[in-house]
Amino acid sequence: MSDRGFDSTDLAKWDPAFIERARRVFGPVSKYWFRSEVRGLESLPPAGGALLVGNHFGGAMTPDVLVLAPAFYETWGYDRPLYTLGHDGLFKLPLAGPLRKIGVIHASPQNAVKALLSSGLVLVFPGGDYDSYRSTFAQNKIDFHGRKGYVRVAIEAGVPIVPSVSIGGQETQLFLLRGDQLAKRLGLKRFRTEILPLGLGFPFGLTSTVPANFPLPSKIVTELLEPIDVAAQFGNDPDVDEVDAHVRGVMQSALDRLARQRRFPLLG
């Protein structure tokens, strides 16, 4: 997360009435197309802010929020916002207005802390595109690419971290490779690009980030784990590296368990 893109008006654009209408439309898409299953919503703190930390999946057409958000609002109602940190490029799209209404906010530490201090829940995917384009053959691996800013945000806001793991998203198409080494050789980092992925899907066949293939109906399971009270577990001056390693370890154990339970690709 960077300091760029800070927008103090982002939080005010969250629109529960709009979200309720959107859930009625997109909730069935998640439930029937992806046969989505969201577990552990009852483990969320009943009040106050919390930082939900998830593994990103599904490439450019990621359905992660489409899976989690409808289930969250169906369970908890519309009094408490669920914000999602989104990269700057999302706000250049024609859908930027609706995205703001459903709680997508610029991915800056300031926005995240402000949302958490307002008693909102904030969903962050530290691995970003690097995570969402991991190979289907290595899909069950938690890798944030060394990004630990989420830990600092949780410490500053004084809120628990709620790990969230998902499985099935990397089966919505065949992700062949992330292409990070090729991107490095080509010097694409100067264009703020660290990957050059390659995937096979429908309807465009073999493609990179664009054009984006439509996601296949893979069964997606998302599980929210027990909240981690950073101060209680790591002290008043926690080591960021230690907290990050613990969070990723907890998530990896849960993802390994979900992988053992999954019998067939796409079908779950």
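Trainee: What volume does the largest cavity have?
Mentor: In this predicted model, the largest cavity has a volume of about 110 Å³.

Trainee: Which residues are the closest to its centre?
Mentor: Ala60, Gln173, Phe175, Ala212 and Asn213 are the closest to the centre, out of 18 residues that line the largest cavity.

Trainee: And how does that lining divide into nonpolar, polar and charged?
Mentor: The lining of the largest cavity holds 10 nonpolar and 8 polar residues, and no charged ones.

Trainee: How many cavities of 30 Å³ or more are there in the whole structure?
Mentor: The search finds 2.

Trainee: Let us turn to the core. How many residues has the largest nonpolar core?
Mentor: The largest nonpolar core has 54 residues. Helix α9 (residues 240-261) gives the largest share of this core, 7 residues.

Trainee: Which residues have the most contacts inside it?
Mentor: Those are Leu51, Leu52, Tyr150 and Ile161.

Trainee: What does Leu52 touch, leaving out residues up to four places away in sequence?
Mentor: Leu52 touches Leu44, Leu68, Leu82, Leu121, Val122, Leu123, Val124, Val162 and Leu224. Two of these names have come up in another setting: Leu68 and Leu123 also line the second largest cavity.

Trainee: What do nonpolar side chains tend to do in soluble globular proteins?
Mentor: In such proteins, they tend to be buried together.

Technical notes
Residues numbered from 1 in each chain as written. Predicted model: local features only at pLDDT ≥ 70, side-chain atom pairs only at ≥ 80, totals over all residues. Heavy atoms only, no water. 1 Å grid on protein atoms, 1.4 Å probe; cavity = no way out; pocket = protein on both sides within 12 Å on 5 of 7 lines; lining within 4 Å. Points joined across faces, edges and corners; volume = space filled by probe spheres on them. Nonpolar A, V, L, I, M, F, W, Y, C, P; charged D, E, K, R; others polar. Core = buried A, V, L, I, M, F, W, Y, C linked by side-chain atoms within 4.5 Å. Buried < 20%, exposed > 50% of the residue type's maximum accessible area, 1.4 Å probe, protein only. Helix = DSSP H or I, 4+ residues; strand = E, 2+ residues; numbered from the N terminus. Contact = heavy atoms within 4.5 Å.
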